[in-house]
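The following note sets out points for a colleague to check against the model. Please read each one alongside the coordinates.

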Amino acid sequence: MGLAEKLPARPCFATGVAQIDGLLQGGLSKGVVTELVSAQAGGALTLRRILRHAGEERQRVALIDGADGFDPADLNNELLAGLLWVRCTDAAQALKAADLVLRDGNMPLVILDLHGNPAKQLRKIPGTTWYRLQRIIEPTPTALLIVTPKPMVSSAEVRLSLANQFTLQSWEQTEAELVSRMKFVLQRAAATEVHEPMAVEAS
Amino acid sequence: MFAVIYVSDFFLQAVLRAEAGLEKRPVVLIDPAQKKPVVLQLTAAARGVGIAEGMSPTQALARSTLLQIKPRCAAQEKAATDALLQCAYSFSPNIESTASGVCTLDLAGLPNLQHEELANELAQRLAMLHLPAQIGIGENPWLALLAARAAQPCCVVSNSTEFLNALPVESIGPSLETFAILRKWGIYTVGQFVALGKEPLSTRLGAEALALHERAVANSTRPLKLVRPPQIFEETIAFEHEIETIEPLLFILRRFLEQLLVRLEMMYWVAQELRLRLRFESDEPYEKTFRIPAPTANVETLFRMLHTHLETLRADHPIVGLELSATPGRAINHQFGLFESVLRDPNHFHETLARLTALVGAERVGTPVNEESYKPDAFRMEAVRLDHEGKSGRLEVCDTARGPALYRFRPPTPARVQMTRGQPAAVESSVFEGAVCDTRGPWRASGQWWDKEHWGREEWDVEASDGRLYRLCREAKDWFVEGVYD
């Protein structure tokens, strides 16, 4: 394996979710806005997986929780040690918090979780906000992942969508097994729209 | 060789250095402890309008309506003395606190010293501390002091006889009586005084003349009473007018911070902690300590820290006094590794946390720590640890999590649940309304039965007709939708 393949041109943050890292050739690109659209189910599980992986790698992560829905109970305290959790009351407050954390530039990964916020709050977000966030992180070594219930981040260079559904039988499976069965679709990749979505499922 | 730092009108300068531009205005200093306070020291502008030492404040005010009368402040005088000694110590390890506003430095052993350069540098550094000083350098402490008093602002005595001969006779400090006699004799300079001869002088003027002659020839040295500058870095001010808004406070704070950092840098320290004390009109004290994650001497970083905090501070009474002190520490130098996740700027991060706290509240920012309890959603928020990166290597944790993740509704959403054969059959709530297709449960849990915080609940996982999984819980007779499995 050559050096070019070993080290991707753009530094990225490995999520620990094989499908995402595979589709994005290594992980979430730093200095880029990535949108994860979770319309049905799987958004929270994906976040938990990313946080678990970051905790194992002793990486710092900021989670801007738009509707204060994150449940830390499934991760032990050692894994949570590097997490900055900002529990917001609404989407507007979450965007202000994201602005502050992104300008700080100390966090390698910032997750803005809006997938639990009511549609009414999300509709009020001006389109320019997304461009502002993009401008902030462009020169920083920070990856920004925005989790939304529907495609809405106009400045996202990368958009992944998650089509997934759980049943009561899902409790028979471990977190790793469940995540590996989830289907991620790459809808938009850096600077180019993907006309035929690329789907990846872990083998 | 010896150097003397001489700050004329030191008590006044100690007060003036706290506020910018005050030295150019007519300002007089009085001692409120005196029974009948009189003007002790005054600025050149005050002298220019006809005010002189010894006048009463009323007389002084009659000469200028713009006059500002400042009281002596022991804390400010101490801060100025500390600053003076710290500055002197940065040039020589052997220093003496000779008098208020006078500091003598022993320059012996300092390598290849250009005395003019040293004197200029001393004056410049003291100017950074807002202490206008005169510097004199001479063969012995007394000669250096005479040079300092005559300096504008620096004077290096290379030929002591020539220098002394030109000095006015009053510079060697004769008593008023002796001075009057010397004037009658037509003696105006030290040179003329020395030319009279030691023995004739002692015969005619007594023991005082011997001491004066000794000073006039300035050929004897004395050991210095060495002092170490205190490790106290503090600036203080009592406001003449109460402060009600943040802007004037920030103006003074920045000036103080700059001075403290100059003092710290002179001693090869950086600020490890800042302590801000405010005194309100109601005499209520306020104190806030700022621990600096990465000790620094950067004014902007530290000022932002203070600014961010003061923006969120609300008080019922105006501010009448301010005190800022810094705890010295060593700078931490860190080399960034290629694959490390060290905070690039811990101080900026600390400030960001303060801003986030101001935005969402202290209890909603931090690192979650799960409590040792079976009670659902039992966690506490702790301050983000800045030493997280101290450990290295991958963390090996046994992965036992099963099933989807719960996305909580905080607070849980009240619901009406219809039960059929002991199982939820339909749910009516603001998040979901409809039939239940499948269920898991119940899981019953309880705890803390021994105190008032006792709890008991019944949990159900339900698959709803909208295809999503919800967690229902029943506490007493009330049902809630606790979250959605996502």
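1. The model is predicted: local features need pLDDT of at least 70, side-chain atom pairs count only at pLDDT 80 or more, and totals for chains, interfaces and linings use all residues. Residues are numbered from 1 along each chain as its sequence is written, chains are lettered from A and ligands numbered from 1 in the order in which they are written, and side-chain values use heavy atoms, with hydrogens and water left out.

2. Positive phi in chain A. A:Gln25 is not a glycine, yet has a positive phi of about 55 degrees. A:Gln25 counts as exposed, at 65% relative accessibility, and sits in the loop between helix 2 (18–23) and strand 2 (28–29) of chain A. Helices (H or I, at least four residues) and strands (E, at least two) are DSSP runs numbered from the N terminus. A:Asp68, also not a glycine, has a positive phi of about 55 degrees. A:Asp68 lies in the loop between strand 4 (61–65) and helix 4 of chain A, but is buried, with a relative accessible area of 4%. Most residues other than glycine have a negative phi, and most peptide bonds are trans.

3. Cis peptide bonds in chain B. The bond from B:Gln152 to B:Pro153 is cis, with omega near -10 degrees; B:Pro153 belongs to the loop between helix 6 (141–150) and strand 8 of chain B. The bond from B:Arg410 to B:Pro411 is likewise cis, with omega near 0 degrees, and B:Pro411 is placed in strand 16 of chain B.

4. A buried threonine. A:Thr34 is part of strand 3 (residues 33–38) of chain A and has a relative accessible area of 1%, so A:Thr34 is buried. Contact here means heavy atoms within 4.5 Å. Neighbours within four places in sequence aside, A:Thr34 is in contact with A:Leu24, A:Leu28, A:Leu144, A:Leu145, A:Ile146, A:Val158 and A:Leu160.

5. Chain B overall. Chain B contains 14 helices and 21 strands, and 46% of its 486 residues are buried. Of the contacts in chain B between residues at least 6 apart in sequence, 57% join residues at least 24 apart.

6. Helix 5 of chain B. The expected span of a helix is 1.5 Å times one less than its number of residues. For the 14 residues of helix 5 (residues 115–128) of chain B this gives 20 Å, in agreement with end C-alpha atoms that are 20 Å apart. Which residues of helix 5 of chain B are buried? They are B:Leu118, B:Ala119, B:Leu122, B:Ala123 and B:Leu126. The buried residues pack against strand 1 (2–6), helix 4 (74–89), strand 6 (102–106), strand 7 (134–138) and strand 8 (154–156) of chain B. Just after the helix, B:His130 takes a positive phi of about 60 degrees.

7. On a 1 Å grid over the protein atoms alone, a cavity is a set of points where a 1.4 Å probe fits but cannot get out, a pocket is an open set with protein on both sides within 12 Å along at least five of seven lines, and lining residues have an atom within 4 Å of a point. Grid points are joined across faces, edges and corners, and a volume is the space filled by probe spheres set on the points.

8. Second largest cavity. The second largest cavity has a volume of about 50 Å³. Its lining consists of A:Leu51, A:Ala54, A:Gly55, A:Gln59, A:Val61, A:Leu79, A:Gly82 and A:Leu83.

Definitions and conventions
Buried means under 20% relative accessible area, exposed over 50%, partly exposed in between (1.4 Å probe, protein chains only).
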